[in-house]
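Visitor: Hi, I've just opened this one and would like a quick walk through it. Could we start with the overall shape and then go into some details?

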Amino acid sequence: MILLDYHNRIIEDTLKTRFNPENKPKPVDMSIVDFDGVSYHLSTLDDNDAKLNLSIRWKCWNELVQYGALDVLKREYSRWIIDPEHGYDFTLQFDLNDIGGDPEDVIRRVSLLKRNAMAAPFERAFDAQSLAEQEDHWDPSSSQLMTIHYRDGEAIYVQNQQDRVTVIFSTLFKEETDRVFAKVFLQEFVDARKKPHLQNAPQVIYSHREPPLEIRHVPGLLDSESQGYITFVLFPRNYAAGAVREETISRIQIFRDYLHYHIKCSKAYMHSRMRARVSDFLKVLNRAKPEIQASEKKLASGRTFRRA
């Protein structure tokens, strides 16, 4: 299996070039797209090539702000935040003459802009679960269901419980073959917990068309054969403070892209095998064609000629 990158490689490579003090500042105007419909705009000011702006636009931005995205972004990028560029939701500005930190660290953090914005609802759910676990009498009404409509027809639902955090992905499978591949692929996640070294892995549940109990009351859910729901049940051991929590947040964010990427890879592999098999069959058929023997014919004069 291939793990997708959490950061944006184009932003990382571009900033490495721009933040290099040996390179003279040059004007730049780039539009960059990322997974989940995210758009970036990387540009210099018209009158100052040493001022570099990075803006982001995402259809679920207002929902992320509601769940604390700005607090996370201020924690990570407080020095570079400016008023958003027109048509975008959030903007960072860098002075190439004074970046304001170790260039490698800044580049890595900036390339994780999308990841850090999406981390807000997960951090809130993890913190809420930790507090609820300490209470003797937990009120179920205090559980918050956070919904992020990050794609057309698809959403992520995050809900804290007293002893766990549930993350649900709704995803559209436009083709019947995609649903079959997804079912087989997700079964591997279920079976993985049977292995001794993976018994602490999160529980994964897949349901086709019928939404899980946690979100059945949510209005506007699609009732379609192309709709599927993947549920992750995370326990405190899966998001312990520190590197474990950060890695969990990063990996679970890209699950939808990870799933569909491997479905496409599986289909491409099967198509290549089918083409190879068809080619082999054609070779067998060509070898099976009977050879037509040329026959000799005689004229009245006794002369002969060969006729194919």
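Guide: Happy to. One definition to begin with: the radius of gyration here is taken over C-alpha atoms, and the globule rule to compare with is 2.2 Å times the number of residues to the power 0.38. Please keep in mind that this is a predicted model.

Visitor: Okay, so what radius of gyration does the chain have, and what would a compact globule have?

Guide: The chain comes out at 29 Å, whereas a compact globule of 308 residues would be near 19 Å. Along the principal axes, the C-alpha atoms fill a box of roughly 110 × 60 × 40 Å.

Visitor: How much of the chain is buried?

Guide: Buried residues make up 40% of the 308.

Visitor: And what share of the contacts is between residues 24 or more positions apart?

Guide: That share is 62%, counted among contacts with a separation of 6 or more.

Visitor: Switching topic: how many helices and strands are there?

Guide: The chain has eight helices and 12 strands.

Visitor: I was looking at α1 and α4. At what angle do they pack?

Guide: Helix α1, residues 9-18, and helix α4, residues 103-111, pack at about 150 degrees, and their axes are 9 Å apart. Angles over 145 degrees count as roughly antiparallel, so that is the label for α1 and α4. As for handedness, α1 passes α4 in a right-handed crossing.

Visitor: Which residues meet there?

Guide: From α1 you have I11, E12, L15 and K16, and they meet I107, R108, V110 and S111 of α4. By class, this contact of α1 with α4 has four nonpolar residues, three charged ones and one polar one.

Visitor: Now backbone torsions. What is the phi of D36?

Guide: D36 has a positive phi of about 65 degrees, although it is not a glycine. For context, most residues other than glycine have a negative phi.

Visitor: Where is D36 found, and is it buried or exposed?

Guide: D36 is in the loop between β1 (29-33) and β2 (39-45). Its relative accessible area is 4%, and the cut-off for buried is under 20%, so D36 is buried.

Visitor: What about R209, what is its phi?

Guide: R209 also is not a glycine, and its phi is positive at about 70 degrees. You'll find R209 in the loop between β9 (203-208) and β10 (227-234).

Visitor: And how does R209 count by accessibility?

Guide: R209 has 32% relative accessibility, so it counts as partly exposed.

Conventions: Residues are numbered from 1 along each chain as its sequence is written. This is a predicted model: local features need pLDDT of at least 70, side-chain atom pairs count only at pLDDT 80 or more; totals for chains, interfaces and linings use all residues. Side-chain values use heavy atoms; hydrogens and water are left out. Axes are lines fitted to C-alpha atoms, for helices over the stretch in contact, and angles run from 0 to 180 degrees between N-to-C directions. Helices (H or I, at least four residues) and strands (E, at least two) are DSSP runs, numbered from the N terminus. Angles under 35 degrees count as roughly parallel, over 145 as roughly antiparallel, 65 to 115 as roughly perpendicular and the rest as oblique. A crossing is left-handed if the near helix is turned anticlockwise from the far one by less than a right angle, and right-handed if clockwise. Contact means heavy atoms within 4.5 Å. Ala, Val, Leu, Ile, Met, Phe, Trp, Tyr, Cys and Pro count as nonpolar, Asp, Glu, Lys and Arg as charged, and the others, Gly among them, as polar. Buried means under 20% relative accessible area, exposed over 50%, partly exposed in between (1.4 Å probe, protein chains only).
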